[in-house]
Amino acid sequence: MSASSFNPFHMAQSQFDKIAHMLELDSAVREFLRNPVREYSFLIPVRMDDGSVQVFRGFRVQHNDSRGPSKGGIRFHPQETLDTVRALAMWMTWKCATVDIPLGGGKGGVICDPHNLSAREQEGVCRGWVRQLARNVGPYQDVPAPDVMTSAQHMLWMLDEYEKISGEKAPGFITGKPVGMGGSLGRTEATGFGVIFTVREALKELGIRPSDTTASVQGFGNVSQYAIRLLTQIGGTVICVSCWDQKDQTSYAFRKKTGLDLDELLGITDRFGGIDKGKAKDLGYEVLPGDEWISQEVDILIPAALEHQVTGDTVKKISPKVRIIAEGANGPTTPEADQILFDRNVFVIPDLLCNAGGVTCSYFEQVQSNMNYFWEKDEVLGKLDVKMTTAYLAVSDLAQRRKQNMRNAAYLIAVDRVARACRDRGWV
Amino acid sequence: MNDSQESFDQMLAALRERAKELNCLYAVEELLGNPKIGLEDVIDGILAAIPPGWQYPDHCEAKIIIDGTEYASPGFVETLWFQSADIVAQDQTIGRIRVYYTQQMPVADDGPFLKEETRLIKTIADRIGHYIHHTRMRQVYHEWEAAKKDRRGKDHGDWRTILDLLIHTDKNLYTRMSHKMLNQLCWSGIREAEELLERSDLYRKSDAEELMSDSNRPYQKRSYSFPMELGEETFRIAAEHLSDEDIMGRIQKWMQEDKLGFLVRAVERNLSLPEVADAIRRYHHISSKEDELSKPSRAGVRVSLIRRFLSDQLQYIRIAKEYLGIKDFYDLLQYIIFAAESHGRLGGKSAGLYLASQILKREALNNPDLGTVKTPKTWHVTSDMQLNFMHYNNLDEIVEQKYKEISQVRFEYPYIVHTCKNSRFPPELTQGLSVALDDMGERPLIVRSSSVLEDRVGAAFSGKYKSLFLANQGSKQDRLAALQDAIAEVYASMFGPDPIEYRSERGLLDFAEEMGIMIQEVVGTKIGKYFLPSFAGVAFSRNEFRWSPRIQREDGLIRMVPGLGTRAVDRLSDDYPIMFSPGQPGLRVNVSVDEILRYSPRWVDVINLETNDFETVDAAELFAQSGDHIPGASQIVSVLENEQVRRLSLADTEVNKNDLVVTFAGLMENKKFVKQMHAILQTLEEKMGNPVDIEFAHDGSDLYLLQCRPQSHADNSAPVPIPKDLPEERVIFTANRFVSNGLVPDISHIVYVDPERYSALPNRELLGEVGRVVSKLNKMLPKRQFILMGPGRWGSRGDIKLGVNVTYSDINNTAVLIEIARKQGNYTPDLSFGTHFFQDLVEARIRYLPLYPDERGNVFNERFLTHSANILGHLLPEHSGLEDTVRVIDVTQSAHGSVLRILMNADLDEAVGVLSRPSSERPIVLDSDGSAVPMASHTHWHWRLHMAERLARQIDPERFGVKGFYVFGSTKNGTAGPGSDIDLLVHFVGTQEQREQLEHWLRGWSLCLDELNYLRTGYRHDGLLDVHIVTDEDIRRKTSYAVKIGAVTDAARELPIGGRAESPPTS
């Protein structure tokens, strides 16, 4: 493979380099933060259903744990590479630091395709992973979570193996557990609500009353649905939402200029967030081509579906009325569009901050698990509000002081917090 | 007046004759029934009784000969005018009866005799035959009783008594036995016997020598009656060499066989079904054990019965004779509806199901995994009942429907359905159906076709004819009417355009197709107003859709759904059945929660008992409302809770409809069902000698087999022979792992994403752009005529370096999805097997093929793929930056008119992509006006092109402001199929008003052509024309379809418009 080919880790490093340069970090700190502190690469032999043994390669990367135990998912992927895992681990470090939760960044995985494994064999992979790493992970060292192709079931197998080895119950070892088995309430709402907590703060900062705003949302999955619910609750009007139509293999935007009624729409939505377009018409919604969500004359745009949605091309369609773009999805805005939006004075709430409600709730799950006391949903969501609002204010404050956009500000705060922790500990 | 008087007299005379005949018969009966008088007196009496029964008693006399003895009326004189009938007892002609006129009489039906008289004499002869047989048997009985008394005290020699009896009672049987014994002795090499045989003049050594010598003279036939006298000698020899028990045993066996001989004769002669049925019933009553017949005759009878009732296919017979006993036919007979003269069969579907169910029943004794497999109660209507039905209604000419033009067939089909539905049923059929309905009660029914052709050409043909569900509720009269209506519709479906077209394409038109009917109880339970099985589906003993390299073809495939199996049989665009491989049940198609939810069945087909209708209902709603009543519901549905899917539990008292997901997780975990299905598929494949597919249903407690047939290869999915001598330069690639079956005929474009270049792309944006390019190409290139070849895993999301980041909608028009696993260092990456949208590919019949170019023995023509002209820049100038990575090859252009053909053969696990002549390129003849275009698949494009040309000529350039008229796409490329539209490009320079007029005009044509195309092919759109109007501005800016004009590849072809140019040749 040629050296110039796309490498996610190199990309993450160059992004860091840019921030480090702005922060004028010294070379040792840079060297330390550019790379993971620890990497484990190991083999997992698994007895297959037919009696043979297959050997899998497993990874765990702990990018930085200066602020607390590493936190990050475990992916099952047939072509997992160490560089991908490194990049994602670094991203976790910055994300946790942005919302100021006392956790570091980690990521792990196993090279395998669960489509080729029976449930029992997958259990073997999970237990084998923990067996190899039991001494290097744990509630106070490194806390895994579900990720690509892993689910709550995998987490429970891993937890069980960990507890068997450690000889004690340790629900804080892992997050993403089902409610009643060490999971946290409020998990479903967390990301969507988190998005709106930041939007609410942004409106406050821009001096706009929520009740005077309209919004258009891309996607009608979990995040969008709860974002729409909360935005409506605080007085905003969502007039347009787009979603994928499985049958037509295309997306549509549903618009009602007087404001859409979430519960009414949920009544005609399948479990993948596909809205029945015939019924929507009957309910008085206009059915438009899917990409129309972005050109609506609204105050707030919430891309909450896919990456690379706001690009150099599509950015031109954004109405001059738009004041805020809240990145509910990961990486919806390309760097080119980012610059244009900044020039146009559109306020972008970056993904690092905007959709951090999820990871914050994972942190809450870990806290609750460690003390084996579980909060009511209101308590979880209340604490989430506090965390998100605080984080927002810090980022926005820095952005104003340093005349930076919100994305750079979020990165600056994150890297600065981690660098400081490393220095304070006397590491570098 | 005179006339009528005359005819009245005639009638009277006729009636008088009938009365005379009857009197005669009574007189004969009386004589035969009188136990007190002897044979001679009886005969004398009959001789006297005969003349009064005939038309001219005064000139009538009779003669009877029995066992060589003549009896005649006094003063009998033989004349020329007589009729005769043989007297038969125990299948042997023992004499005859003759009736004479003493002088010439007026000519009637049969010489001077009436046809009634012919019947009468025959009846009398039969009665005498029976009488004599009866008397003899009575005699035997008495002698037997006497012998038994006599025998007491003697130890052996039982057989001698029997022979003595036989000599007196049944000389024929005696000689047959003697002959058999002599043969037996000769075969055992007993010299004495051989000498006897030689002496007997029956057989001489010289004959044997003559036979052995390879002479081509016919062997001289000699008279071949075994002399009575030899019997004694034969059994003397036998007594010397064989034990008494041995002889006795043989004699008993031979006698038994002789007794059952009628069955052998009944099935061997081409008797009608009722006669065969009688023979089977008789056999059933006198012999309960089949081994009373010798092995060869048992096999003979079985084979004949199989041939008569089920199939004359040799392979079928070979298997069936091992599994179907005579008793089974007795059982089957109870459920067959046939006419008096019927010679029909049950048809392919019935034959397949019946054999499969018998195989499973038998094999279950050795293989406990098979468990109990039931078949629903089924009534059969024989295939010739359809002809009866048509004769009865004077519809015979419908049979010739198949020789009409397909457009006419299509046009007339609705009328034929209508006619059939309004026809009357022959009384025999009505009566049979009525009995069947009484037997089945108010159970919902399915009426299936079971045609003779289906049996012959295999499964590919089935599905062309109708199967109809009946709720079967209400009064008997209503139910019978509904059943008849359904059968009429199924009958009519034989004359539908689809099967006729199919037969025409395969040269099967002249085959005398007949359709049997299966009336089957629907398996299931009544749930509220609905009736449905708990679940049902189809299963294949060979898995042609492997989603993991760990799955072998032999692991099989099951597609199942809750409710009626219709949704598993058909491929639906908006719903998915649950699929699993019974040999590898742990390897599921869908693993993550999202996949499980996305690909779970959402709808259920049911029968609504209130409306007597077939209905589709929401699965989650059905289970939420009636789950408690659906047997085995907890095996079928799971609960979505906290973003996890778990099994439904007894403790779940109230479950939200939105949280229910059909997964069959319970059924999978309970290994019994999986094992059973696997065992069924393996057993049937092994015993039937070829891969099978079956339909099944489950009512929560029992599994039912609904259909079994050789695994179908519909829609170009049969294994294709792979030629071995392909010229190397024409082969683009070969594959030798995880190959499925099929032929992909005419690929005009290849989209090749170069694996090395792709992985060398420097950033994520560019990698993502490749996905968008593919998506755009998917919309531009001719549907199902291009293939996508790309590295690693199509549909990668996170790490899109591993494969192009596309969703299903970005690739849904491709014919084949190819993944290339290039070696990287010393390891070959895993391919995805299309897992990201596996079920979508299956339902859309998009083929998947993995290539391993670096493996020994594989061809990968990188030169063709990387050096052929790349037209990406022309198609998508905005993406020309990716030209090195994404290569779009116009095969026809790069390979001098050839197309790419992909041949795939799963049996060999081999596939090859080879450059070939397009299959549409065959000589065709066109009428001057194009009206009589011959109907074959390759003419679809030609007809379209012709129409486009006509359209162009008709267009008035002035009136509509048209400057140019172009055709492109499949019509221009000669690849249009029956369902293709006609892509037109109109260069427009007029006013808005003209444009409206033009669009209006074209719309009219579009609808009209659509109707024509429907009649030709059965495909209907909302208009056949796909018109793109472009302006000067478009052409200048090369926007949208304007690029097609003068394009480098696949350019639109200009057609002469209006009267501007002379009309071009049409072909």
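Reader: How many bridges join β6(A) to β10(A), and do they run parallel or antiparallel?
Author: Four bridges join strand β6 (residues 214–218) of chain A to β10(A), and the two run parallel. Strands here are DSSP runs of E with at least two residues, helices are runs of H or I with at least four, and both are numbered from the N terminus. Two strands count as paired if DSSP finds at least two bridges between them. This is a predicted model, in which local features need pLDDT of at least 70 and side-chain atom pairs count only at pLDDT 80 or more, while totals for chains, interfaces and linings use all residues. Residues are numbered from 1 along each chain as its sequence is written, and chains are lettered from A and ligands numbered from 1 in the order in which they are written.

Reader: Which residue stands opposite V217(A)?
Author: I302(A), in β10(A). β10(A) also pairs with strand β11 (residues 324–326) of chain A, in the parallel sense over two bridges. There, I300(A) stands opposite I324(A).

Reader: Are the faces of β10(A) covered or exposed?
Author: Both faces of β10 (residues 300–303) of chain A are covered. I300(A) and I302(A) on one side, and L301(A) and P303(A) on the other, are all buried. Buried is 20 or more other C-beta atoms within 10 Å of the residue's own, exposed is 12 or fewer, and partly exposed is in between, with C-beta atoms placed from the backbone.

Reader: Now chain B. Why is β25(B) called largely enclosed?
Author: Five of the five residues of strand β25 (residues 749–753) of chain B are buried, so the strand is largely enclosed by the rest of the structure. H749(B), V751(B) and V753(B) point one way, and I750(B) and Y752(B) point the other way. In a regular strand the side chains alternate between the two faces of the sheet.

Reader: Which strands does β25(B) pair with?
Author: With β26 (residues 786–791) of chain B the pairing is parallel, over four bridges, and I787(B) is the bridge partner of I750(B). With β29 (residues 886–890) of chain B the pairing is antiparallel, over five bridges. In that pair H749(B) stands opposite D890(B).

Reader: What else is I750(B) in contact with?
Author: Leaving aside neighbours within four places in sequence, I750(B) is in contact with F786(B), I787(B), M789(B), I889(B), V891(B) and L900(B). Contact requires C-beta atoms, placed from the backbone, within 7 Å. In the largest nonpolar core, which has 199 residues, L705(B), I747(B), I750(B) and V751(B) touch the most other members. A second, separate core of 102 residues includes M90(A), V217(A), A329(A) and A337(A). A nonpolar core is a set of buried Ala, Val, Leu, Ile, Met, Phe, Trp, Tyr and Cys residues joined through C-beta atoms within 7 Å.

Reader: Is R318(B) buried or exposed?
Author: R318(B) is exposed, because 12 other C-beta atoms lie within 10 Å. R318(B) lies in helix α13 (residues 314–323) of chain B.

Reader: Different topic. How many residues does each chain bring to the contact between chain A and chain B?
Author: Chain A brings 32 residues and chain B brings 36. On the side of chain A, α4 (119–133) and α5 (152–166) each supply at least two residues. That side divides into eleven nonpolar, 16 polar and five charged residues. Ala, Val, Leu, Ile, Met, Phe, Trp, Tyr, Cys and Pro count as nonpolar, Asp, Glu, Lys and Arg as charged, and the others, Gly among them, as polar.

Reader: And inside chain B, how far apart are the C-alpha centres of domain 3 and domain 4?
Author: They lie 28 Å apart. Domain 3 (335–522) and domain 4 (531–710) are among the domains given for chain B, with bounds from an automatic or database domain assignment. In their contact, 25 residues of domain 3 of chain B meet 24 residues of domain 4 of chain B. The largest share of the domain 3 side, eight residues, comes from α15(B).

Reader: What are the domains of chain A?
Author: The assignment gives domain 1 (37–170) and domain 2 (187–354). Their C-alpha centres lie 33 Å apart.

Technical notes:
Contact = placed C-beta atoms within 7 Å.
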